[in-house]
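Have the sequence and the model open as you read.

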Amino acid sequence: MTLAIPDPHVVVIFGASGDLTGRKLMPALYNLFAQELLPDQFAVIGYSRTPLSDEQFRSSSRENVKEHSRTGVDERVWEWFEPRLHYVSGEFDSEGAMHHLVERLDTCDELFGTEGRRVFYCATPPQAFVDIVQRLGEEKLHMDSRIVIEKPFGEDLKSAKELNRTLHEVFNESQIYRIDHYLGKETVQNILVFRFSNGMFEPIWNRRFVRSVELNVAEDIGIEGRGKFYESAGAMRDIVQNHLLQLLTVLAMEPPSSFNAESIRDEKMKVLNAMPVFEAVNVVRGQYTAGEIDGEQVPGYREEEDVAPDSITETFTAMKGSVENWRWAGVPFYLRTGKRLARRSTEVTVTFHDAPHMLFEEAGVSVPDANKITIRIQPDEGISLTFDAKVPGPDMQVTPVTMDFDYEDSFMTAPAEAYERLLHDVMDGDRTLFPRGDEAERAWQLLDPVLEKTPPHEYAAGTWGPKKADELIAPWKWALR
């Protein structure tokens, strides 16, 4: 399916001087424009408290695109793109604060023919969301507009409900796009194709054949100067509530009746509703101490900037859950995420039940571990199938071998950045890859009983987390090592 060119739009980025805008949003918008996937009637307005002129915003945007875009900067494209970039300095707190934004939007409508359509992107700390929504409502800017909310969608069930209530006072649900960039990754979208278009996999994607499902988001980096944010969030709120649970729903959902937004989101919601709430006995928290990453000594979490010296915030979480429906009842789902782990990798491992090995045991032949399908989300995007084969030679020896599909090798191109697809979908009005409000609330409901912080188990940076996490998955080992 070829992506359509959206209707004319002005994209307003709140928090335009921030890291997310520079590293992800501006490069994504530029790449969409370079690929001719945006209309000529298009403009961007950056909005932030930082005083900047249009020229300064354009210059910093060019440097960010040059550094972070997967394509670099084409000077001819930039000549067309640059005049569409504008900047407004302002705050969010007081009534009438966005009146000057209205004036600039009107100017862009006249200059670029954007016809009054707006996308408002909240690339700000979550504490600013409510003020932004209220200011937009005051100026009647919600008409014929869409609003994009970055995760986390609240910090617990109560705050998530309050955020949804505030959003719905100004916008209806069809105008709200809760962005989880994992759902924009090609490898995540490919899970649906892998499952539902291949007759060899869908019949075995259930409790009769699957022994366990493991989801891992491992990072070798620390908190990268985000101490204040991470102290209030931790691994549970930062990764599990959104990325991991959303990924789980895509893996476990039933075939949708069609590939439209509501059919897919309905099936994802059914998975969340079939999950019992997590219990403390099935949760292991960890916090990294000083260690070594790639031969370099790195500090422990409590030694990071803006982190309390006695902090009990978790930088690692391992959890065991289940989906108690007809397809998955009895199959354990293991979720693990952590900072300062041995290497960076996001992947899913589906492990199948062992075949009967009596034939080999009678012959004294050792049979390796079970068959596995591994879906690599990042890096080295692809899918691997691990199965057993005979080692060449006169003796009967069995060893695991791997068949591998690699995105870049197969298609001769690296997958597009997730934000490119998601920003395009917002402008095109496609909500398929965006969680609904009830999904966000149900995810918090599942986690609420285990959000209370308890002293975490220590693990050295550069390892795979605390040893306590290994007991959670016993008698097996974590697939990602």
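## Ground rules

This is a predicted model, so to speak of local features we need pLDDT of at least 70, while side-chain atom pairs count only at pLDDT 80 or more and totals for chains, interfaces and linings use all residues. Residues are numbered from 1 along each chain as its sequence is written, and side-chain values use heavy atoms, with hydrogens and water left out.

Helices (H or I, at least four residues) and strands (E, at least two) are DSSP runs, numbered from the N terminus. Buried means under 20% relative accessible area, exposed over 50%, and partly exposed in between, using a 1.4 Å probe and protein chains only.

Let's start with S2, residues 42-48, a mostly covered strand: 7 of its 7 residues are buried. Phe42, Val44, Gly46 and Ser48 point one way, Ala43, Ile45 and Tyr47 point the other way, and all are buried.

To get from S1 to S2, the chain passes through helix H1 (residues 19-34), making a right-handed β-α-β crossover.

## Strand S5 and its neighbours

S5 (residues 145-150) is another mostly covered strand, with 5 of its 6 residues buried. S4 (residues 118-122) pairs with S5 in the parallel sense over 5 bridges, and Tyr121 has Val148 in S5 as its bridge partner.

Glu150 stands opposite Ile179 in S6. Here again there's a right-handed β-α-β unit, made of S5, helix H6 (residues 157-170) and S6.

## Salt bridges

How many salt bridges does the structure hold? The total is 29, where a salt bridge is a side-chain nitrogen of Lys or Arg within 4 Å of a carboxyl oxygen of Asp or Glu. Glu202 forms one with Arg327, the closest N and O atoms being 2.8 Å apart. Glu202 is in the loop between helix H7 (186-196) and strand S7 (210-218), while Arg327 is in the loop between S11 and strand S12 (332-338), so this pair ties together parts that are 125 residues apart in sequence. Arg327 is buried at 10% relative accessibility.

Lys268 and Glu439 make another, with closest N and O atoms 3.3 Å apart. This pair links distant parts of the chain, Lys268 in helix H9 (residues 261-273) and Glu439 in helix H13 (residues 437-447), 171 residues apart. Both ends are covered: Lys268 is buried at 2% relative accessible area, and Glu439 is buried at 0%. Then there's Asp438 with Arg436, at 3.0 Å from N to O. Asp438 is partly exposed at 33%, whereas Arg436 is buried at 10%. Shared partners join Glu262, Arg265, Asp266, Arg431, Arg436 and Asp438 into one salt-bridge network.

## A glutamate without a partner

Glu304 sits in the loop between strand S10 (296-298) and strand S11 (316-322). Glu304 is buried yet has no salt bridge, and the nearest side chain of opposite charge, Arg340, is 4.3 Å away. For charge, Lys and Arg count as positive and Asp and Glu as negative, with His and the chain ends not counted.

Leaving aside residues up to four places away in sequence, Glu304 touches Ile223, Tyr288, Pro299 and Arg340. Contact means heavy atoms within 4.5 Å.

## Cysteines

A disulfide is a pair of cysteine sulfur atoms within 2.5 Å, and the count comes to 0.

Methods:
A crossover is right-handed if, with the strands pointing away from the viewer, the path from the first strand over the helix to the second runs clockwise. Two strands pair if DSSP finds at least two bridges between them.
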